[in-house]
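Take a walk through this structure, one stop at a time. Keep the sequence beside you and find each residue as it comes up.

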Amino acid sequence: MIENGAVFPLFYLPPVEYFSRLTQFKPNVLIEKEEHFPKQTYRNRATIYSPDGPLDLTVPVIKGAKNHTKLKDVRISYDFRWQRLHWMSLQGCYRRSAYFEYYESDFALFYEKQFDFLLEYNTQLLELLLRLLKIKMPLQFTETYEAEYPTLTDLRSAMSAKTPSAVEQKPYFQVFEERGGFIKNLSIADLLFNQGPQAINYL
């Protein structure tokens, strides 16, 4: 069992804070997959910088048994073409950024291929993001749900889409900052597209 590490949630295009915390605890990190799926969180939502300010991208999920569906059993809904919407949004927001074209083909797959489960989708995205950030860390997942982890820092509820991050973050250039100023703790995609290989230095 991991000690003196942390248990993390599994997010969609996680915020910058997520990776800042990962670098603090790696490689002693456990990813939660047995929890009941909580709604309106970064587990299926990411925030990017649009010309009009922060823009939320939400991966729709098939309505399950209310709140009692385990994260690993949550299926992605394709009732509307959300992948096309997300990809067009990413292109529209970051086409002018320094590194969008550099990473474009890596991300495009996730908006062309259909994934059945949110767990699979988020896991493969996280593996890609760790590779692009050059963070070497094996992904280890929970095998049962535990309400508490006495030897781990529990971050499963620490990063909320509804609460501003308290983590300090060095400002970096953002495409639309001349309109709305620097916005911290956006999706890691914002940092990657704007800073490329230097992104790791901002974590």
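Ala161 sits in the loop between strand 5 and helix 5. This is a predicted model, so every value here is computed from predicted atoms. Now look at what Ala161 touches. Leaving out residues up to four places away in sequence, Ala161 touches Tyr42 and Arg45. Along the sequence, Ala161 and Thr47 are 114 residues apart. In space, their C-alpha atoms are 8.5 Å apart.

Tyr42 belongs to a cluster linked by ring pairs. The whole structure holds 21 aromatic pairs. One of them joins Phe11 and Tyr18. Phe11 and Tyr18 are both buried.

Tyr18 also belongs to helix 1, where it is one of the buried residues. How many of the 10 residues of helix 1 are buried? The count is 8, so helix 1 is largely enclosed by the rest of the structure. Besides Tyr18, the buried residues are Val16, Glu17, Phe19, Ser20, Arg21, Leu22 and Phe25. What covers them? The cover includes strand 1, strand 2, helix 4, strand 5 and helix 6. Strand 1 spans residues 5–8.

Step past the end of helix 1. Here Pro27 lies in the loop between helix 1 (16–25) and strand 2 (29–31). The peptide bond from Lys26 to Pro27 is cis, with omega near 0 degrees. Most peptide bonds are trans.

Further along, the loop between strand 4 (53–58) and helix 2 holds Lys63. Is Lys63 buried or exposed? Its relative accessibility is 72%, so Lys63 counts as exposed. Val74 is 11 residues from Lys63 along the chain. The C-alpha atoms of Lys63 and Val74 are separated by 8.5 Å.

Next come two helices to view together. Helix 2 covers residues 82–94, and helix 3 covers residues 100–108. Their axes come within 12 Å and cross at roughly 175 degrees. Helix 2 is therefore roughly antiparallel to helix 3. Which residues make the contact? Helix 2 brings Trp87, Leu90, Gln91 and Tyr94. Helix 3 brings Phe100, Glu104, Phe107 and Ala108. By class, this contact has 6 nonpolar, 1 polar and 1 charged residues. An α-helix has 3.6 residues a turn, so residues three or four places apart point the same way.

Now turn to backbone angles. Most residues other than glycine have a negative phi. Lys134 is not a glycine, yet its phi is positive, about 60 degrees. Lys134 lies in the loop between helix 4 (118–133) and strand 5 (152–154). With 68% relative accessibility, Lys134 counts as exposed. Ile200 is 66 residues away from Lys134 along the chain. The C-alpha atoms of Lys134 and Ile200 are separated by 7.7 Å.

Asn185 has a positive phi too, near 60 degrees. Where is Asn185 found? Look in the loop between helix 5 (177–180) and helix 6 (188–195). Asn185 counts as buried, because its relative accessibility is 12%.

Which residues is Phe182 in contact with, leaving aside its neighbours within four places in sequence? They are Gln169, Lys170, Pro171, Tyr172, Gln174 and Glu177. Pro171 and Phe182 are 11 residues apart in sequence. Their C-alpha atoms are 6.7 Å apart in space.

Lys170 is the last stop. Lys170 is in contact with Phe182, and its charged end sits over the ring of Tyr202. That charged end is 5.4 Å from the ring's centre.

Definitions and conventions: Residues are numbered from 1 along each chain as its sequence is written. This is a predicted model: local features need pLDDT of at least 70, side-chain atom pairs count only at pLDDT 80 or more; totals for chains, interfaces and linings use all residues. Side-chain values use heavy atoms; hydrogens and water are left out. Rings of Phe, Tyr and Trp (its six-membered ring) pair if their centres lie within 6.5 Å; planes under 30 degrees apart count as stacked, over 60 as edge-to-face and the rest as tilted. Buried means under 20% relative accessible area, exposed over 50%, partly exposed in between (1.4 Å probe, protein chains only). A charge sits over a ring if NZ of Lys or CZ of Arg is within 6 Å of the ring centre and within 35 degrees of the ring normal. Helices (H or I, at least four residues) and strands (E, at least two) are DSSP runs, numbered from the N terminus. Contact means heavy atoms within 4.5 Å. Axes are lines fitted to C-alpha atoms, for helices over the stretch in contact, and angles run from 0 to 180 degrees between N-to-C directions. Angles under 35 degrees count as roughly parallel, over 145 as roughly antiparallel, 65 to 115 as roughly perpendicular and the rest as oblique. Ala, Val, Leu, Ile, Met, Phe, Trp, Tyr, Cys and Pro count as nonpolar, Asp, Glu, Lys and Arg as charged, and the others, Gly among them, as polar.
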